[in-house]
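Colleague: I would like to learn how to read a protein model, one feature after another. Could you walk me through this one?

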Amino acid sequence: MPGPRGKQQRVAKKPKQRTTSQGVSLNGAEDWNAVARVLCDYLELPDLARRSGLKKVYNNFDVIYKRINDVYVANAGNEKITGGIVALYTKMCADSILRNLLFQKDLLAKIMPLVEQNGSRHLALRALTTVTHHGGGDIRKEISLQTPALIKVLQEHPDDLLSAELVISTLAHAVGAAINEEQKPPAKYIKALKVPTLLPLIICFIGKPGVSLQLLHHALELLAHTTLHCWQDCNAYPAMIEFLAACLRVSDLSIRCSALGALLRLNGLCSEQDQRFNDPNKLIAAVRRGFPDHLIDVGMDYGSMRCDSPLTLRSVGDYQKAMMQCAQDRDLYRLGLALAELITRNEFSIGEGGFQVLNEHTGKPEFMDVGLPFKMWTDALPHCANAIRAKGRAQELDLADMIDMKFFIVRSRIPEATALAKKSIQRNSKFPYFYYVMTLGLDVEEGLRCAKKGLKCKNATPFVRFELMHRAVEVAGNLGVCRIQESRGGDKKWDEGVAFLTSALEDAKTYVAEAPPDARHMKNVLYWYICLTIAIKGPEMSTNLSELQGVRIKLKTADDFSTFFGNQLPKTQLRLTQETILKYYTPGVQKWSSIVSRFDSAVAEEEHIISSGRAEDQLAAWLEDIRLENGDQEPQPGTCSHSKITTNAVELYRCSCGCEKARYCDSSCQKSAWPEHKALCKA
């Protein structure tokens, strides 16, 4: 509106005078922060330290970028100005959208020339480290292709520990994105790494006096990334493997698990599959030859009739008798009951076979039709299951389902077997074989839950119990190592990882102590026992691993049984890993003791100690339930004892009658369990 203020003459704001880009004055700017401040003022940039300032850059990106880039181009030969501009770009990279826009404008091409100049090397490397740390996968992969230039920095500046720290930190993040995946990465990433040149440089800097913990941590991370797809180069450089083995002695559990994970990956692609089937003919031939004396002694100590090999032979014989009986009486129901008992007795009791007759013309045996609805013996399984169901006896429905599951397993139709097992668990959650079948599925976490729940069933046969225990060791061991590497101390994943490792080791101890010495999975469980003991105990282990002497003797016995039965010892990933650890642990600890101490200097004395009680609590929380199809929960057994999860933390309801050890869902759960628990309760 018109008025006195309207009559006043407005004075236009005088625009800030700027010289040409060639005339930027950096007088008095002695460090890179000062250079960046001068450039911010000169270019009239918003405050890049604030989110609001970065938002203004984004809203007017093209104009602001052109303004900055014009100065960069005009001063391409001026190290301070180009370095200062790179510093500005790095600041902008705190915002993911700006970071992507700047990389589209070829930011990397502006950073890398500065790496080669002494005055701007540290600035450029810090920029790379910052961008790599905050960048996405594609940006990290692009940076990994600059590895040759970064290797050159390490080679030309062997005493520059700061440059080494920044280079190794950058590569740890970039290389991980480029090659740390199961599928073989594009060849360009492997080629750019120049692993035979890179590994000795990393090991050299690790051993230098005065290295920072930052360098050591990122060096371990970088070395771990190379072990999977560059395993040949890694195996050709024993000093690296000694370093990884020595890290198993560090007080920090996350470092120990990183080292164990690296050693597992080192043997991943060069390993063989484990033996999946037993040949009964080889077993029969071996028994006829006679067991060596030392294996006879082992078998007698355990109980010869409880060992796997006699049980397998007895089961094969009973299987044949049952089939011949069926050929005579045509009673599929009776055959089904016999097969149900055999299925839970031994893994290989149900095998392929058939009714045969000798062809008079060819002199060769041929399968014959004996009037039954099947010729091949395994085809009898679904017919027997149907015959059991036809009797209409509710207590035998579990047997019928189990026979169908075995048929699916024999035919390698595992998804159908696990689907049936899920439905059967809803009907009867106390039948252990159903949980065993669930452990064969692809969902490893669900498999672990099922293995632990199956082990709580009281009517499991020795075969089913030890199969569940083996799967619990294998899955929990793998999950534990992965969880620890993916997490930080104190968070949920870390607690779960500790719980998994502790559970795996406890189950391994039980298996080794109680399973038959000739059990098929004894070797694998012993491999896990060795790896997990070293990873969990850490600095508590002796340098010569004398604590494992008894386990190594048991492993030699298990190997002798396999060899005697005519089975070659496959070079599985676990076998190769424990061999690598046992070979390199002692020399590695002796060589890298000072670095182990350097790692330990930043770790509180008690941090490497695993609380078995807390680990048990966390595992109980994780095992709370089994999620079935459509999100349904498994009906909980009346005498269950497990944790209850709240939205904030794991809350365990302990026995309120005095002992405070047993855990329950709620008061009703405790009441239902009291008749069984009262004998053990302190109250």
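Modeller: Gladly! Let us begin with Leu545, which counts as buried because its relative accessibility is 2%. Buried means under 20% relative accessible area, exposed over 50%, and partly exposed in between, with a 1.4 Å probe and protein chains only. Please keep in mind that this is a predicted model, where local features need pLDDT of at least 70 and side-chain atom pairs count only at pLDDT 80 or more, while totals for chains, interfaces and linings use all residues. Residues are numbered from 1 along each chain as its sequence is written, and side-chain values use heavy atoms, with hydrogens and water left out.

Colleague: Where does Leu545 lie, and what is its phi near?

Modeller: Most residues other than glycine have a negative phi. Leu545 has a positive phi near 55° and is not a glycine. Leu545 sits in the loop between helix H29 (522–537) and H30. Helices here are DSSP runs (H or I, at least four residues), numbered from the N terminus. Ser412 also has a positive phi, near 60°. Ser412 is in the loop between helix H23 (397–410) and helix H24 (414–427), and with a relative accessible area of 57% Ser412 is exposed.

Colleague: Is Leu555 buried or exposed, and which residues is Leu555 in contact with?

Modeller: Leu555 belongs to helix H30 (residues 549–564) and counts as buried, at 8% relative accessibility. Contact means heavy atoms within 4.5 Å. Setting aside neighbours within four places in sequence, Leu555 touches Lys523, Leu526, Tyr527, Ile530 and Gln578. Leu555 and Asn524 are 31 residues apart in sequence, and their C-alpha atoms are 9.3 Å apart in space.

Colleague: How should I read a pair of packed helices?

Modeller: Two packed helices are described by the angle between their axes and the distance between the axes. Axes are lines fitted to C-alpha atoms, for helices over the stretch in contact, and angles run from 0 to 180 degrees between N-to-C directions. The axes of helix H4 (residues 61–74) and helix H5 (residues 79–92) come within 9 Å and cross at roughly 155°. H4 and H5 are therefore roughly antiparallel; angles under 35 degrees count as roughly parallel, over 145 as roughly antiparallel, 65 to 115 as roughly perpendicular and the rest as oblique.

Colleague: At what angle do H13 and H16 cross, and which residues meet there?

Modeller: Helix H13 (residues 195–206) and helix H16 (residues 238–246) have axes that come within 9 Å and cross at roughly 50°, so the two are oblique to each other. Leu199, Ile203 and Ile206 of H13 meet Ala239, Met240 and Phe243 of H16. Eight of the nine residues of H16 are buried, and the buried ones pack against several helices, including H13, helix H14 (213–226) and helix H32 (593–600).

Colleague: How many residues does the largest nonpolar core have?

Modeller: In soluble globular proteins, nonpolar side chains tend to be buried together. A nonpolar core is a set of buried Ala, Val, Leu, Ile, Met, Phe, Trp, Tyr and Cys residues joined through side-chain atoms within 4.5 Å. The largest one here has 190 residues, and those with the most contacts inside it are Ile206, Phe243, Leu335 and Tyr433. A second, separate core has six residues, among them Leu283, Leu295, Phe561 and Phe564.
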